[in-house]
Amino acid sequence: MANQGAKKRKEENRKHMSTLLRVILASNVIYIVVRMIIMYSSFSWKHWIGLLVTSAAYFFPYKQLESMSKPAFSDNGELLDGGYDMSTGGICGYLHDVIYITAFVQIASIISGKFWWTYLVIPAFGAYKAYGLMKGTFFGGSEDGPEDEKTRKKREKMEKKASRGKFVKTKMR
């Protein structure tokens, strides 16, 4: 029964990564079949570049997620950790977003080349996050103004509570 959580996460990560791989492969196959084979007369060098860009945009996030999801084993082969939890946000969520946006752009670009503009969402979101970070760091953007009495008392109470040591109850045998 030991390491049940790690075993469960290992299996969830394996399923999740295989699902991502299927999404990537399906998008590429649809693009190649429709754009290169069915619509071959309108296929140009720009479409080759688009295929290379989307392939790179799939490859790097997928490899990063794959390395995050790998389980850790001890020297004797015992499972220590099931890998990173793929359902959490943060960088893992951003990597998923890049893969899903790439799949959308690749499939939608079959209809119109103007869908490539959708890729601007990724650097725009990065700039938005960087602006928020710089605003909070350099310009003191985390302070919203004067603090009212109720908020001040609540903050002081929480600080006082945090400064006290925590007591742990144990059973006496």
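This report covers one histidine, one annotated segment and the aromatic pairs of a predicted model. Local features need pLDDT of at least 70, side-chain atom pairs count only at pLDDT 80 or more, and totals for chains, interfaces and linings use all residues. Residues are numbered from 1 along each chain as its sequence is written, and side-chain values use heavy atoms, without hydrogens and water.

**His 96.** Helix H3, residues 91–108, holds His 96. Helices are DSSP runs (H or I, at least four residues) and strands likewise (E, at least two), numbered from the N terminus. His 96 is buried, at 7% relative accessibility. Buried means under 20% relative accessible area, exposed over 50%, partly exposed in between (1.4 Å probe, protein chains only). Beyond four places in sequence, His 96 touches His 16, Leu 20, Leu 65 and Met 86; contact means heavy atoms within 4.5 Å.

**Aromatic pairs.** The whole structure has 5. Rings of Phe, Tyr and Trp (its six-membered ring) pair if their centres lie within 6.5 Å; planes under 30 degrees apart are stacked, over 60 edge-to-face, the rest tilted. Two of the pairs are tabulated.

| Pair | Class | Centre to centre | Between planes |
|---|---|---|---|
| Phe 59 and Phe 60 | edge-to-face | 5.3 Å | 75 degrees |
| Trp 116 and Tyr 119 | tilted | 5.8 Å | 40 degrees |

Phe 59 is partly exposed at 45%; Phe 60 is exposed at 57%. Trp 116 is partly exposed at 26%, whereas Tyr 119 is buried at 15%. Tyr 94, Phe 125 and Tyr 128 form one aromatic cluster.
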